[in-house]
Amino acid sequence: MMHPKTEDFFIPQNTVTRLSEEEAAQSLNFLQVIKAVENTTYQSMYVIDYLKKGFDYVSDNRLFLCGHTPEEFVAMGYDFYMKHVPQEDLELLLKINEAGFKFYEKTPLEERRHYSITYDFHLIMGDNRKVLVNHKYTPLFLTNEGQIWKALCLFSLSNKSSAGNVQIQRQGSNMIWVYNEAEDGWESREKVCLTSRETEILVFASQGLSVSEIAAKMCVTSDTVKFHHKNLFEKLEVVNISQAVAVATSYKLV
């Protein structure tokens, strides 16, 4: 495969060439809302604009900016990824980009705002360290034809061990769609379902309580809590309770 270029990320499905006055009016003062959400949730985020093929805004988080300022990130546009994402992950991002928009094209127009996609990839820091990050992507504004004009991305440290882990979720649905890279297709699955005990344990764990403290709160033995831990780790495909809390929170299971 040839080395990915910035323009490779812009395909017919995600290229916006013009906007009507009605469409453009959707975005009045929207950055004020984004910044308010950022300040109250401490989320790191950026906004993609497919009309100008670049970014409107990025949070001032030095870890994810790889040493650049927010202004430099915005000015670089997708060249940021050319510089700070490893070759193999760039190729993966291109696959996700194309597969995600193909999935989106098949979705009824009136439902498109309700879908989001999440995936993991590496960023190369200034000292050449690789850091695995998670991106959650959701539409902000659509054209009248249903194309995404602006999209919101949330980024955080990944709780996985490798790039990929691509999933699409629909708000209010108990289904998820997992991307199979080898088959270049989507596989539907039911979301993980947690028991009330498992949910309770995750809530207590998120508060920093130890196994013995959780057991005392729940009036059970420490072995019972450990048993539920084991089930949680299997269901959420993690290896410790911190990861379990992160995954469950990320996928709105608690």
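# Strand β6 and its surroundings

Visitor: How many bridges join strand β3 (residues 115-124) to β6?

Guide: The model is predicted. In it, β3 and β6 run antiparallel. The number of bridges joining β3 to β6 is five.

Visitor: Which residue in the turn between β6 and β7 has a positive phi?

Guide: β6 and β7 form a hairpin. Four residues lie between the two strands. A phi of about 80 degrees, which is positive, belongs to G172.

Visitor: Is H114 buried, partly exposed or exposed?

Guide: H114 sits in the loop between α6 (87-105) and β3. Its relative accessible area is 33%. Buried needs under 20% and exposed over 50%, so 33% makes H114 partly exposed.

Visitor: Which residues does H114 contact, leaving aside neighbours within four places in sequence?

Guide: Contact here means heavy atoms within 4.5 Å. Sequence neighbours within four places are set aside for H114. The residues left in contact are Q169, R170 and Q171.

Visitor: How far apart in space are H114 and T138?

Guide: In sequence, H114 and T138 are 24 residues apart. In space, C-alpha to C-alpha, the distance is 8.0 Å.

Visitor: What radius of gyration does the protein chain have, against a compact globule?

Guide: The chain has ten helices and eight strands. Its C-alpha trace spans about 65 × 45 × 40 Å along the principal axes. A compact globule of 254 residues would have a radius of gyration near 18 Å. The chain agrees with that, at 20 Å.

Visitor: What share of the contacts with a separation of 6 or more comes from residues 24 or more positions apart?

Guide: Of the 254 residues, 45% count as buried. For contacts with a separation of 6 or more, the share from residues 24 or more positions apart is 57%.

Visitor: How far apart are the centres of the positive and negative side chains?

Guide: The chain has 26 positive side chains and 33 negative ones. The centres of the two sets lie apart by 3 Å.

Notes: Residues numbered from 1 in each chain as written. Predicted model: local features only at pLDDT ≥ 70, side-chain atom pairs only at ≥ 80, totals over all residues. Heavy atoms only, no water. Rg over C-alpha atoms; globule rule 2.2 N^0.38 Å. Buried < 20%, exposed > 50% of the residue type's maximum accessible area, 1.4 Å probe, protein only. Lys, Arg positive; Asp, Glu negative; His and termini not counted. Charge placed at Lys NZ, Arg CZ, Asp CG, Glu CD. Pairing = 2+ DSSP bridges.
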